[in-house]
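These are my notebook entries on a structure that I looked up step by step. I record strand pairing, backbone angles, helix packing and the chain contact.

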Amino acid sequence: MNEYMLIFRHEDGQKVASPEQMQIWMKQTMDWIGGIAAQNKHIGGQGLSFNGAKVVNHKGVVTNGPFGDIKETIGGYVMVKAANIDEAIGFAKGCPVLQGEGNTVEVRQIAH
Amino acid sequence: MHTEIIPHLFRTEHSKITSVLCKFFGAGHIDAAEDIVSETFAQALETWPYKGVPENPTAWLYTVAKNKAKNQLARQRNFSENISGEIKKNAPKDEEPDIDLSEQNITDSRLQMLFAICDPSIPVEAQIGLALRILCGFGIDEIASAFLTNRETITKRLMRAKEKLRSEKIEIAMPVGAEINQRLDTVLRTLYLLFNEGYYSETEDSVLREDLCVEAMRLTYMLIENETTNSPDANALLALMCFHSSRFAARHLGNGEIILYEDQDESLWSQELITKGMIHLQASSTGNKLSKYHLEANIACWHTLKTDSKEKWESILSLFNHLLQLSTLLLLR
């Protein structure tokens, strides 16, 4: 069994969503993670706050962001156990952030 | 691990927290209040799915919102005389201002917010929009689809209304003395229109339509629960809403098509709402003023009896005549 990290890239939802919509996303995310956990293949995960994010650049230059070039940025990740990349991709396909156009889930094997 | 969240929790709490924060910051700072609330929900979205829903989700939201509000104040205190001026008025000096999210203060703030929003200087369409946004926690898209218009129109409308609250220096407070009755008329009219927006809306989204009606009823009920605003008119309006909404389940087919009154299956009418309507109709018959809500509630009441009788239709006709006279009088005034 291998371990993979599924990394979400999406827009800052709070700027566009209604409270009801955010609650729907919440439920979808919990159901998705719950589905992986039910197969005993969920290792862990975390959301990353969009507020006050900074980027430290070459030579220590600090900028706001990473909101410069594209709207989508890393919003969180989930780590899963999977037999192979295809199974991990299968989990990623169910991720609710993919409902948003332009959003992505990157699938990366965790190196050991 | 908890995974269940009560339906519409965010929508409900949005309205409660925003009202309290608006009251705290002043009516000119609605945007700041809204930002804090949506940041709070974002933080929930970033943590609950991974760590589980907290034991008491509401208390969690209140704590986070309070902290965010305090941080916001600390950040802004340096350069915004505006907000800190407001705070000084509301809080004793040299003490950390307390954001009171108690049930009592939430209720008071929402009621005061309702009166502020229904200030006569704000166009009625914008009042409905603001009420939906701030008091019902609807998003811009949801409001736009209720009004059958686009995001931009609603955004502009809300922006202008908020600007009005700022420039007219409208206070989030209850009107005093005789003014309360006069202002209550405007509030009732806005709630009546909000309900109609749902009941007669052309939008095909039947869930949204019912939500609008439910929210209008919730706000009207808030008036009735408060001693100073529990007027016969308010009761008549709530009775009217109860009678109309008792037919929701019988009113449309699965595909959104409307079923006309004559063809409705009356076993689907909500007896609970009809009974509630009767109670408020009873409560509305004190005093000597006959408002259009009284007349419309009586008409709606007759409609909750499916059986035809001479008396039924004659009564309805006479009520309609009254209503016509009343509206002519209003026009002449």
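**Entry 1: Backbone angles in chain A**

I began with Lys59(A), which is exposed because 5 other C-beta atoms lie within 10 Å, where 12 or fewer is the cut-off for that class. The model I am reading is a predicted one. I located Lys59(A) in the loop between β3 (54-56) and β4 (62-64) of chain A. I then read its phi, which is positive at about 65° although Lys59(A) is not a glycine. For context I noted that most residues other than glycine have a negative phi.

I looked up Asn40(A) next and found a phi near 65°, again a positive value in a residue other than glycine. Asn40(A) sits in the loop between α1 (19-38) and β2 (42-47) of chain A. I counted 7 C-beta neighbours inside 10 Å, so Asn40(A) is classed as exposed.

**Entry 2: Strand pairing in chain A**

I followed strand β1 (residues 2-10) of chain A to its partners. β1(A) runs antiparallel to strand β5 (residues 73-82) of chain A, and nine bridges join the two. β1(A) also pairs with strand β6 (residues 104-109) of chain A, in the antiparallel sense, over six bridges. I used Phe8(A) as a reference point: its bridge partner in β5(A) is Gly76(A), and its bridge partner in β6(A) is Val105(A).

**Entry 3: Helix packing in chain B**

At what angle do the axes of α6 and α9 of chain B cross? I found that helix α6 (residues 124-135) and helix α9 (residues 179-199) of chain B cross at roughly 75°, with axes that come within 10 Å. The two helices are therefore roughly perpendicular to each other. On the α6(B) side I listed Val124(B), Gln127(B), Ile128(B) and Ala131(B) as the contacting residues. On the α9(B) side I listed Thr190(B), Leu193(B), Leu194(B) and Glu197(B). By class, I recorded five nonpolar, two polar and one charged residues in this contact.

Notes
Residues numbered from 1 in each chain as written. Chains lettered and ligands numbered in written order. Predicted model: local features only at pLDDT ≥ 70, side-chain atom pairs only at ≥ 80, totals over all residues. Axes fitted to C-alpha atoms, helices over the stretch in contact; angles between N-to-C directions. Helix = DSSP H or I, 4+ residues; strand = E, 2+ residues; numbered from the N terminus. Parallel < 35°, antiparallel > 145°, perpendicular 65-115°, else oblique. Contact = placed C-beta atoms within 7 Å. Nonpolar A, V, L, I, M, F, W, Y, C, P; charged D, E, K, R; others polar. Buried ≥ 20, exposed ≤ 12 C-beta atoms within 10 Å, placed from the backbone. Pairing = 2+ DSSP bridges.
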